[in-house]
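User: I would like to learn how to read a few features of a structure, step by step. Could you take me through one example?

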Amino acid sequence: MRTSCLFCLFCFYLSFYSSAQEIPEVDQDRLENTILTLAKYGMMENGETNRVAFSDADLEGRAYIISLMQVSGLEVSVDFAGNIIGKRAGRDRYLKPIGFGSHIDMVPNGGNYDGCVGSLAAIEVIRTLNDAKIQTEHPLEVFIFSNEEGGVMGSRALVGELKQEALNVVNSTGYSMEQGINRLGGNATRIPEVERSEDALTAFLELHIEQGGILDREQIDIGVVEGIVGIKWWDVNIKGFANHAGTTPMSMRNDALLAASKFILAVNEVTKSFEGKQVGTVGRISAFPGAPNVIPGEVQLSLEIRDLSSEKIEQLFEGMKSRAIEIEKEMGTTFTFTPIDATSAPALTDPRIQKIITEAAGDLNLSTKQMQSGAGHDAQDMARITPVGMIFVPSLGGISHSPKEYTSPEDMANGANVLLRAILLLDQAWF
Ligand SMILES: [Zn+2]
């Protein structure tokens, strides 16, 4: 049963569309087949697939995607950042396109569902529209973003955030981003031309596997993403005094590793002292000089905080810093925090699109849960220029970035059907 407000034009359009026209459903077997076919590009002898951006397998996978898009009647191009873009005309060419899609590159030793489900579901949506002979009012634009796993390269370029320094970063294939872009058919010297303006798209939607275990554990069909968490990183340097571990009494030490231990506990305590889903992690630590018989004089560790709110990330960091000051006094050590530039701001999805996704799932009798994304996605960058929505489908056991990653054909089709319906509802409701 639809829960809508009677007097809102937006809801009126939603009810109008779903009653006036039967919305077709995607072909689950066809979708599954394309997932299995894409998995062959980069498949090794052990049956696992390795398709890191810029690799030969990536080039072959992209050629497959381009051919699928062409067969589906899309007007396909590769932009200067290596993004594959497929356009389908709308009835009204003056309307801004509705964009949707994801990525097909993977982390080394990754899985066949991260990014691929959203990419191939986007193409399946086009094929389903073709089969049902539906032409939308808005033009549609399918995006297969380049090198998502190596720093959301393609989507960053689209929003004008791909910095020159990033182009020198080399990934596991041995190619730098600059070389990689050229390999993909882009042109690294013309990246600024790729940037889209804030009124270039009506909205952007991304279907993605959850990469966590919440939907699978709670047996929920669809995650309606409220936002993608912001990530902040710091290098933390702790200076004590390296001294003889045999002759320095316990009361006279400035042990940097002991101070680090207290700080790691403090990070955990401060993070848990706030209401909400924020996470704080120390994931790397090195002690110097690193000998069994020397009191550690210096420690370097990483600090990461993630949350949907930048203010909360700042509050958490302030809380951790004041605990560090207490530890400095107690231990006779000094803490230095250096922010690292590999961070990303939180991106909230558009509440109107969240509502459309929830409605679309409800129409299909699928259960939903509002949730946040703890992982970064292309939609996070797209949110800088257009309203975005994200649809999650379950990942078996919450496993991702692993060859064991799995999403069932039914769950993939559910996600694709919600994507299709959400696009059609958006098409009618949003001008
Ligand atoms: Zn992904």
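User: In which loop does P289 lie?

Analyst: A word on the model comes before the answer. This is a predicted model, in which local features need pLDDT of at least 70 and side-chain atom pairs count only at pLDDT 80 or more, while totals for chains, interfaces and linings use all residues. Residues are numbered from 1 along each chain as its sequence is written. Helices (H or I, at least four residues) and strands (E, at least two) are DSSP runs, numbered from the N terminus. P289 lies in the loop between β10 (285–288) and β11 (294–295), and the peptide bond that joins F288 to P289 is cis, with omega about 5 degrees.

User: Which residues of helix α2 are buried?

Analyst: A residue is buried if 20 or more other C-beta atoms lie within 10 Å of its own, exposed if 12 or fewer, and partly exposed in between, with C-beta atoms placed from the backbone. In α2 (residues 28–38), the buried residues are L31, T34, I35 and L38. They cover an arc of only 100 degrees around the axis (taken from the directions from the helix axis to the C-beta atoms), which puts them on the same side of α2. On the other side of α2, D29 and L36 are exposed.

User: Where is F54 found, and what is its phi?

Analyst: F54 is found in the loop between α2 and α3, and its phi is near 80 degrees, a positive value in a residue other than glycine. F54 is buried, with 27 other C-beta atoms within 10 Å.
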